[in-house]
Amino acid sequence: MTAIPSVATAPCRVAVIGFGPAGMFFCHHVEERRRKLLLQQQQQQQQQQQQQQQQQQKQQQQNDANAAALVPDALLARLPQVTCFEKASKPGGVWRTDPIRSKKQDSLWTNGPKEVMEFFDYTFADHYGRDTKLPSYLPRAAVMDYMLARVTRHAPDFCERYAQFNTKVTKVSYDAETQQFTIRTKPVWSTTTTTDDDDDDDDVESTHLFDKCIWAAGENGIPKRPKSLMRALQHFTRGPIVHSSESSLNYSQHVTGKHVLIIGGSFSAEDVALAALKQGVDRVTILVRHADHETPVLWPHAWPHDDKVRVLKNIEPVSVDKETQMIQCRAVSPLEDLVTNFQPKNKESKESDDDSDDASIPAEAPPVAKFNIADVDTIILCTGYDWSFDMIDEDTVYNWQPADDDLYEQENTIPIPEDWTMSPANAMNDDYRQLVPQNPKSIQVSDLMELYSFHSCIWILNPNFMMVDTGNHDAHLLASDVLTHLMLSVLLGETPLPTRDELVQHHRQWILQGMQLPFFRGWVDRSYKCALRQLYITKLRKHQSLPFEEHHARACHEYNFLRLAQAAYDGHYPVDLGNLQNGLSAIGQALADMDYDCRNYNPDEEENITFRDLQWNDLTNDNDDENDDDDKKVDDDTFITTNKKKKHVIRLRSVFTGNVAVPFRKPWMELDDTASPPDLVEQD
């Protein structure tokens with residue numbers, strides 16, 4: 001196999017598609033490199049002037065100093081010339097505020113701790129003040145302000161210099177001979193930022209030539225509406241059916257006092273459900289077709305107003321009764337449990353008082369085939385998005401050649417050594433340890449970007465094409481910052497790209513390490529997945545359940561962080577997160593722990609409490625066990641939960657400043673979504 005051509009170190013023109021976080025971060029890394037080089041150049045020039053004024057140097061020393069001053073000039077000349085094409089009228093991508101759907105966006109908050117979103121070169125202490133106290137969860141608008149302040153801190157005209165707003169990319173093609181991209185664009189005259197309906201087909205397209213192209217537009221946001229689901233709901237006329245991304249939902253009209261059916265279990269479903277509760281919804285039913293330990297709506301084991309929310313697992317709608325408007329549903333598999341998170345504190349009173357048509361669904365029910373959901377007023381689809389790369393000419397951009405089919409021994413597979421074994425220590429428990437599936441000879445990977453790219457961002461068959469893909473990482477903003485820094489390092493020739501043989505070994509190494517983790521192996525090894533499935537069915541028939549091994553779930557989470565840490569290591573990211581050889585660093589481990597612990601936080605079963613309502617550990621509280629030695633070991637400045645059944649320590653502290661997050665001044669359900677973060681907590 002031939003080596004990948006080295007990336008040119010001469011000045012290059014780079015097109016970036018999208019000016020959301022990824023596009024902004026890439027330009028920020030370029031701008032920061034330029035600023036530091038200019039500062040270095042200025043310092044060297046000042047040193048030369050001092051040397052000349054003092055006349056203390058010999059002529060040869062002066063010549064050496066002049067030569068040294070040329071170093072920043074050479075590096076500056078190599079920095080790419082970047083143009084970002086953004087369809088919207090302002091930066092931010094999904095984080096920006098859209099006036100036509102501000103009511104919904106005002107209620108959107110982060111689902112993860114801010115400590116994992118903090119930037120090394122612009123901390124929250126820099127943004128709000130060193131002594132300002134802040135909560136861990138923030139309104140999304142506040143995070144957008146924080147990101148924008150970072151990139152404009154030293155460059156007030158940052159957006160004007162790097163971005164072309166209201167510009168839609170219509171076609172991207174690549175010429176392998178000239179090694180240039182041809183990118184066609186046209187203006188978007190719509191005053192909204194969420195639709196292309198106002199695009200004028202008569203607008204004249206512009207043509208641009210670039211040396212490199214970076215896709216930074218994420219999924220490109222085409223709402224997914226599965227055809228089978230829309231057929232099942234086609235006769236629903238009682239209220240609107242909208243996708244979670246749409247702006248047409250009137251909360252006061254379609255949510256307040258209504259019964260809302262949410263289909264999907266993703267973060268957006270969690271956002272919509274919590275927003276609906278804040279807006280005074282009567283009740284919320286969430287249908288999750290495929291539920292597992294990674295389904296976000298199942299993470300909060302207690303919802304605020306728990307008598308208003310229920311989550312039905314492994315359920316899908318199949319039809320709507322035209323007359324009664326009942327949503328007819330079925331279990332996806334007759335062997336799957338129908339379990340809800342709708343656990344009334346007084347079950348006896350609930351059973352006697354609930355005479356609704358869907359009251360036949362108990363909190364814990366045996367497998368059922370069909371049932372009805374009655375009195376639904378609004379249906380919100382949280383079904384994700386379809387990736388859309390229609391503007392990319394795959395034949396030329398991906399540079400796929402017949403010889404590339406032989407890159408792997410079999411089509412899209414990673415070979416597994418015959419003597420490979422899974423360590424018995426990784427078998428979780430006796431139930432899993434009894435599994436003896438046939439060891440695979442190879443692992444088939446369906447994600448071509450994963451197989452044919454370096455760190456899932458640089459297309460190895462055409463390294464001039466790059467893509468910011470954070471789907472394999474949990475901390476999306478951190479991943480965007482790391483991957484865009486890696487891209488710049490590659491463009492400047494600081495990070496060498498692997499040969500194709502080295503790429504195969506790179507992926508093989510990660511696959512083999514991940515397969516030591518039961519959860520990861522269950523994703524990639526078909527034989528192991530089938531064995532797990534059979535074990536689950538056997539247990540289910542015996543009315544038993546498999547214990548959830550928390551430390552293995554944490555190990556899988558850390559594995560994903562380690563992959564990001566290796567990308568940071570290869571890309572010379574200024575923060576040491578760790579690497580494959582040495583594992584996660586102290587900072588990398590702290591970030592992984594905070595992200596995981598917050599995902600698995602169980603709030604108190606109290607009215608109005610959500611997963612965002614983290615609290616201080618008050619050792620003087622009369623309700624606490626004074627003899628709890630574990631509590632006494634916790635530092636006073638450690639942020640933890642107050643679940644009386646099981647203390648779950650969450651250390652939420654900035655890895656850069658040491659600042660500790662503080663609780664909200666009142667329950668999140670009662671907070672003003674538009675308030676400034678410092679106003680959400682008590683200040684000294």
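Mentor: Happy to! In this predicted model, helix α1 passes α5 in a left-handed crossing. Left-handed means that the near helix is turned anticlockwise from the far one by less than a right angle, right-handed that it is turned clockwise. Their axes come within 10 Å and cross at roughly 25°, which means that α1 is roughly parallel to α5. (Under 35 degrees counts as roughly parallel, over 145 as roughly antiparallel, 65 to 115 as roughly perpendicular, and the rest as oblique.) The axes are lines fitted to C-alpha atoms, for helices over the stretch in contact, with angles from 0 to 180 degrees between N-to-C directions.

From α1 come Pro21, Met24, Phe25, His28 and His29, and they meet Met144, Met147, Leu148, Arg150 and Val151 in α5; a contact here needs heavy atoms within 4.5 Å. Sorted by class, the contact of α1 with α5 divides into seven nonpolar, two polar and one charged residues. Ala, Val, Leu, Ile, Met, Phe, Trp, Tyr, Cys and Pro count as nonpolar, Asp, Glu, Lys and Arg as charged, and the others, Gly among them, as polar.

Helix α1, residues 21-54, has another partner to look at: α14, residues 476-491. These two pack at an angle of about 45°, and their axes lie 9 Å apart, which makes α1 oblique to α14. The crossing of α1 and α14 is right-handed, whereas that of α1 and α5 is left-handed. On the α1 side, the contact uses Pro21, Ala22, Phe25, Phe26, His29 and Val30. On the α14 side, the residues are Leu477, Ser480, Asp481, Thr484, His485, Met487, Leu488 and Leu491. By class, that contact holds nine nonpolar, four polar and one charged residues. If you select Pro21, Phe25 and His29, you will find each of them in the contact with α14 and in the one with α5.

Buried stands for under 20%, exposed for over 50%, and partly exposed for the range in between (1.4 Å probe, protein chains only). Ala142 sits in α5, which covers residues 140-152. Beyond residues up to four places away in sequence, Ala142 touches Tyr128 and Pro677. With Pro677 the separation in sequence is 535 residues, yet the C-alpha atoms are 7.3 Å apart.

Setting aside neighbours within four places, its contacts are Tyr128, Leu134, Pro135, Leu138 and Ala142. Take Leu138: 539 residues separate it from Pro677 in sequence, while their C-alpha atoms are 6.5 Å apart. Across the chain, 74% of the contacts between residues at least 6 apart in sequence join residues at least 24 apart.

Elsewhere, Leu277 belongs to α9, residues 267-278, and counts as buried at 5% relative accessibility. Apart from residues up to four places away, Leu277 touches Trp303, Pro304, Lys308, Val309 and Met669. Leu277 and Val309 are 32 residues apart in sequence and 8.9 Å apart from C-alpha to C-alpha.

Most residues other than glycine have a negative phi. Asn166 has a positive phi, near 50°, in the loop between β3 (163-164) and β4 (167-175), and is partly exposed at 28%. His572 also has a positive phi, near 55°; it lies in the loop between α18 (550-570) and β25 (578-579) and is partly exposed at 46%.

To step back, the chain has 20 helices and 28 strands, taken as DSSP runs (H or I of at least four residues, E of at least two) numbered from the N terminus. Of its 684 residues, 52% count as buried. Residues are numbered from 1 along each chain as its sequence is written, and side-chain values use heavy atoms, without hydrogens and water. As this is a predicted model, local features need pLDDT of at least 70 and side-chain atom pairs pLDDT 80 or more, while totals for chains, interfaces and linings use all residues.
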